[in-house]
Number of protein chains: 2
Amino acid sequence: MTAEQLLATWNEGAAKSQILDLVQRVTKPGGADFLPPAERVATFDNDGTLWCEQPLQVQVFFLIDRVKALADKDATIEERQPFKALLEHDFKTLFGLGKQAIFELVFTTHSGMTEEEFAPIAREWLAHAKHPKFGRLFKQCTFRPQLELLRFLRANGFKTYIVSGGGIDFMRACAEEIYEIPPEQVIGSSAKLRFDTRAGRPALTKLAELNSFDDREAKPQNIALHIGRRPVLAFGNSDGDLPMLQYTKAGAGPRLALLLHHDDSEREFAYDREFRLSPLNEALNKSTEYGITVVSMQSDWNAVF
Amino acid sequence: MTAEQLLATWNEGAAKSQILDLVQRVTKPGGADFLPPAERVATFDNDGTLWCEQPLQVQVFFLIDRVKALADKDATIEERQPFKALLEHDFKTLFGLGKQAIFELVFTTHSGMTEEEFAPIAREWLAHAKHPKFGRLFKQCTFRPQLELLRFLRANGFKTYIVSGGGIDFMRACAEEIYEIPPEQVIGSSAKLRFDTRAGRPALTKLAELNSFDDREAKPQNIALHIGRRPVLAFGNSDGDLPMLQYTKAGAGPRLALLLHHDDSEREFAYDREFRLSPLNEALNKSTEYGITVVSMQSDWNAVF
């Protein structure tokens, strides 16, 4: 397939031209910017970059259902924060409680499980849970132009990674199915693990303690830890992605930092600066200064899903 | 090439049979134990498993040379511990100072550098530094049967990883050249990184603070963090590898945990229980109980280097 066929849902424009130019340059044998396949690393944020994150991030819907399951067994849950705010969908209060409140929700619902116990729970939920606006499965709320871009990059020898603030195990439970990205290429937020014996068998159990919140500066730090190479292309959609975009762009040779702007209320959602965990301000305001290419959902994509 | 050709330096015996049996089982299409290539994960310790770790670990020789370079600029270094013990090759004193002393040596010589500054220093050193007994470059002190095993596993769809107590950046500087293992498949001990601006350019700088000491329980914990799958085969040579071997062996389906026993003073070294950072006691004493296959350098390998 040609690049045009592989990127069928990308309209002509600066973003598409820059993607095609970068790939042409790094893959041209003997060219000044040629990179061996091993060095072709592309990193993508997940929520709001590869799939829809409105009206709430997919994993927050999962958390609500997990907290409901806990509340069925323990009625006091409904009266305690941050659970109360979550169950009442009072996100102004919830986000006002700070990141620690979000971690408490995650730890309360996930800790004590082994990873091998957690994965089927997440997969079972993802097999049935539907998006409230679009009425289709969350895992079908991935952006078609991004699936095309992932495939186009892989067809050109790139290794594609997810680098997201989302939970590493939650994403690993579905990334292979929906993005063809294997677990070892998924980097995310994680809890510390304890190595002990579970039913006579050595296993790793999730603890109620943060290992890494994979947001902002932690994104390039975790890229260095997990990958050990500076990306050639990075794609994000919020200020939480800004350090990853700047780190990528500052590498030698051709580099591309892309920022998805959700400006399409008709086909998806229009939002940027308003209230949410990782707003979009600096990355959008200073995109030119930072050499970041803004991708407009409305004008750069001829299809969204 | 046939398995026999690929594993030419492995003698007939339990270890070789078990390796061949495992690979045959997980690769047989339609077989009860078949695994898709994505699930064929093999993890190898490095020091004493893939390359020689006697009379000292390769990275300790590197540290000595780095500390000497520091001492040339600051004469007080020679009088201070742990530097004094290292420069005097007084490893009894050095190891007696505990792991923190080793970290101090690493932090003092490595911190403040970006990863991109560190890699060429390590590569330059590895291009010239020679083993004191064998008189050849350290990077030529890899074990030939292990290079064959890595290639044999990859030829059968396995992804091969290093999971070592050694410094992650030191190993990444040479793993691709000597083992054909790319940086993203190298897991090791690491320092925390700071994201900041270096000569006007966003970069990551190594801090004098431990992120992970990849030994014992940390090995399965880091396997879960970086890979997200339980290995099918793991290979170590000390009690520092025991949790990784047990974690591997406890997975469902066929699994193989291998332990290299250095019992060949003629061709390499003979050691196990004596004084060193990670001695070999429990893993060897309880190998049968734990289902660990002991590989004898003397009898299982017809060549070492």
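**Close-up views of salt bridges and a helix pair**

In this predicted model, 37 salt bridges are counted over all chains, a salt bridge being a side-chain nitrogen of Lys or Arg within 4 Å of a carboxyl oxygen of Asp or Glu. Local features need pLDDT of at least 70 and side-chain atom pairs pLDDT 80 or more, whereas totals for chains, interfaces and linings use all residues. Side-chain values use heavy atoms, without hydrogens and water.

**View 1. Salt bridge between Arg25(A) and Asp33(A).** The N to O distance is 2.9 Å. Arg25(A) is partly exposed at 35% relative accessible area (buried, under 20%; exposed, over 50%; partly exposed, in between; 1.4 Å probe, protein chains only). Asp33(A) is also partly exposed, at 22%.

**View 2. Salt bridge between Arg144(A) and Glu148(A).** The N to O distance is 3.9 Å. Both residues lie in helix 8 (residues 144-155) of chain A, 4 residues apart, about one turn of the helix; helices are DSSP runs of H or I with at least four residues, and strands are runs of E with at least two, numbered from the N terminus. Arg144(A) is partly exposed at 41%, while Glu148(A) is buried at 8%.

**View 3. Salt bridge between Glu184(B) and Lys159(A).** The N to O distance is 2.8 Å. This pair crosses between chains, from the loop between helix 10 (175-179) and strand 3 (186-198) of chain B to strand 2 (residues 159-167) of chain A. Glu184(B) is buried, with a relative accessible area of 11%. Shared partners join Lys159(A), Arg229(A), Glu176(B) and Glu184(B) into one network of salt bridges.

Conventions
Residues numbered from 1 in each chain as written. Chains lettered and ligands numbered in written order.
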